[in-house]
Amino acid sequence: MSEEVYEKKLLDKFSDAVIDAFASLADKIRPGWKKRNKSRIDEWKLMAYAFNRSPPGIIGAVLIVSFIVLAIVGPYLAPFSYDLQLTFFDPDAKRAPPGTVIEIKGKLAEVLGVKPGNYTLILGADDQGRDLLSRLLYGARTSLVIAILVMAVGPWIGIILGLIAGYYGGKIDELIMRITDVFLAFPGLILAIAFSAVLPPRISVFLDNHPDVRDFFLTLFALKPQHAGPLASLLAVVVALWIVWWPGYARLVRGMTLSERENIYVEAARALGVPTRWILLRHILPNILGPILVYLTLDFGGVILTEAGLSFLGLGAVPPIADWGRIIYDGSNYFPKDWWTILYPGLAIFLTVLGFNLVGDTLRDVLDPKTRRSIEFKVKKKREG
Amino acid sequence: MMPLVEVRNLKKYFPVKGLLRVKGYVKAVDGVSFNIERGTTLGLVGESGSGKTTVGKLILRLLEPTSGSVYYDGKDVFKLKGKELKEFRRKAQMVFQDPYSSLNPRMTVFQIIMEPVKVHKIKVSDPESFVVKLLYRVGLNETHLYRYPHEFSGGQRQRIAIARVLALRPEFIVLDEPTSALDVSVQAQILELLKDLQRDFNLTYLFISHDLGVVRYMSDYIAVMYLGKIVEYGPAEEVFEKPLHPYTQALFSAIPIPDPVETRRRKRIKVSGEPPSPINPPPGCRFHPRCPITKDVCRREEPKLEEVESGHYVACWLAR
């Protein structure tokens, strides 16, 4: 139906193609999926269409996609490793300004595994003489992996607790919400600081006992095998953020569950004998997923920002791990003279968080059927008038 | 023959919470007893707030009672556990008043109808043709299979809700004003469908409604509720032909008849005022403040539901 009413631009055709490709894939895995979900596919296309009418949304999407792509391929594109000190080749490489050319030659290059030749340091070098561009590319990986690990667990603790509190009400609700209040009473960052200061030794022991897990995370963070110690500090940040990241979601989801459970279809499900677990996960959750999704998207940037903040305070990533917050911390002593040590990582954080905020705001409009309609009507009016 | 559903002295009080403590109770259902025979329809009539829907929900154990009991097929519903409770949830079903919010907006018709089937692990060889068969049975077809509730009209949605209930092969269905949210023309179709299904599957209905015409058409027996109590109970035709309680008489005299001559000739029994608050029902007969024929005894003592003629019960001092 959407094809008849809406004039599709190139971008819309692209998003339709992506959705169709996904649908075909799902259809291959589960035959008949396309037929069963025809209405849903149409709705997605309509959402994509509304999303494409929002310039901030598109800018945000471009920012996010480039961040994710750089985080995935960045470590392979980087001219140097994140911990290579160029001072080995050139004593002046310390805090070399952008555009400095470094000549790499001789036996040392072979030992360190770098191809000989002339390299231009596009973004300059940091206080240890490490290439800033390489460190930013590795840092993107660090940020993305931490954000994904945090968001894959932390919010869901809150979502599950919020669903239970809102659905059952009474004493269970009281208990869960008072615990939530206790966590909310401490500033999240302070709590995270406390946990990330205590956790690393325990995680180190755990990683030593489980080499498989250690190797998996080393590959995930694109770290060298000898940096298992610093890896523990990153995982400590992840665990610390799990602990402080759920209370907001518990509040949000509890409120929405309270109003959603009054719908008769919830009572109808109970009358049909549907178990509570199903009611929560298949009836209530899908109906409140829109606002949660918006919150998750906005929070993705929030996690990146908080993690950078922790590292800036010297609590997250420890040297020589490349982390945007840590790079700013290392450069802060030399600001404003050697401005590039702060400007570029700062810009990276800014653009990434901005991207998530823009997309989150646009998603809020797109996922809400009422505002989505108004976007569609505006477009129609424009074309007719 | 043993009745399928026996309701015994059922009470449900909802606490009214004040700032710190419970201020009082809404006596939504205050001592209700009746039986429903297998394969028959009991029409439960009363104005809004009289506790009809609460009775329906209590019978299905969607609410826990304050006191009293419900026996389904001889078993106490409120003591069922585990497997037996699950089996009860399959046998006894409910169709809700508002078809716009009784279907999950995020599920397709197929998912909505298949969910209870999955929950009760009913073996279905081909889910798609199983659902299509049910859709045909309630007057829909296979083109509706993968659509969402918002794509349907009220009547169609109520058909989906009925199909969802039928998928479980129930014995007993509480119909909670199933047609009051629908257009009159659609109402007739749905009622016709419900009657057909009752005949074909030997279903037992509790038909809750405030629409007396509809109740008369559907019911074998009628129970009239006023402020949480049953004031009159009996075979449908008898109650309609010869109502004994002044409240029932007043209700029936308010049914519009499509004949102006007859309307003018008919004497309307007027009932003044609003129904009293169920938090604080009047002493004696609950209907006495609005009753056109009150006597002293009505203010002092509450009349019991007593058999006046064979099978015809009434709770009124003056009707016996």
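A residue is counted as buried if 20 or more other C-beta atoms lie within 10 Å of its own. In this predicted model, strand S7 of chain B, residues 172-176, is mostly covered by that criterion: five of its five residues are buried. Side chains in a regular strand alternate between the two faces of the sheet. In S7(B), B:Phe172, B:Val174 and B:Asp176 point one way. B:Ile173 and B:Leu175 point the other way. Both sets are buried, the acidic B:Asp176 included.

S7(B) has strand partners in S6(B) and S8(B). Strand S6 of chain B spans residues 92-95 and pairs with S7(B) in the parallel sense, over four bridges. Within this pairing, B:Gln93 has B:Ile173 as its bridge partner. Strand S8 of chain B, residues 204-209, also runs parallel to S7(B), and five bridges join the two. Here B:Leu175 is partnered by B:Phe207.

The contact between the chains involves 17 residues from chain A and 24 residues from chain B. On the chain A side, the elements that give two or more residues are helices H3 (33-36), H4 (38-52), H14 (264-271) and H15 (276-312). H14(A) provides the largest share, six residues. By residue class, the chain A side that touches chain B divides into seven nonpolar, five polar and five charged residues.

How values were computed
Residues numbered from 1 in each chain as written. Chains lettered and ligands numbered in written order. Predicted model: local features only at pLDDT ≥ 70, side-chain atom pairs only at ≥ 80, totals over all residues. Buried ≥ 20, exposed ≤ 12 C-beta atoms within 10 Å, placed from the backbone. Pairing = 2+ DSSP bridges. Contact = placed C-beta atoms within 7 Å. Nonpolar A, V, L, I, M, F, W, Y, C, P; charged D, E, K, R; others polar.
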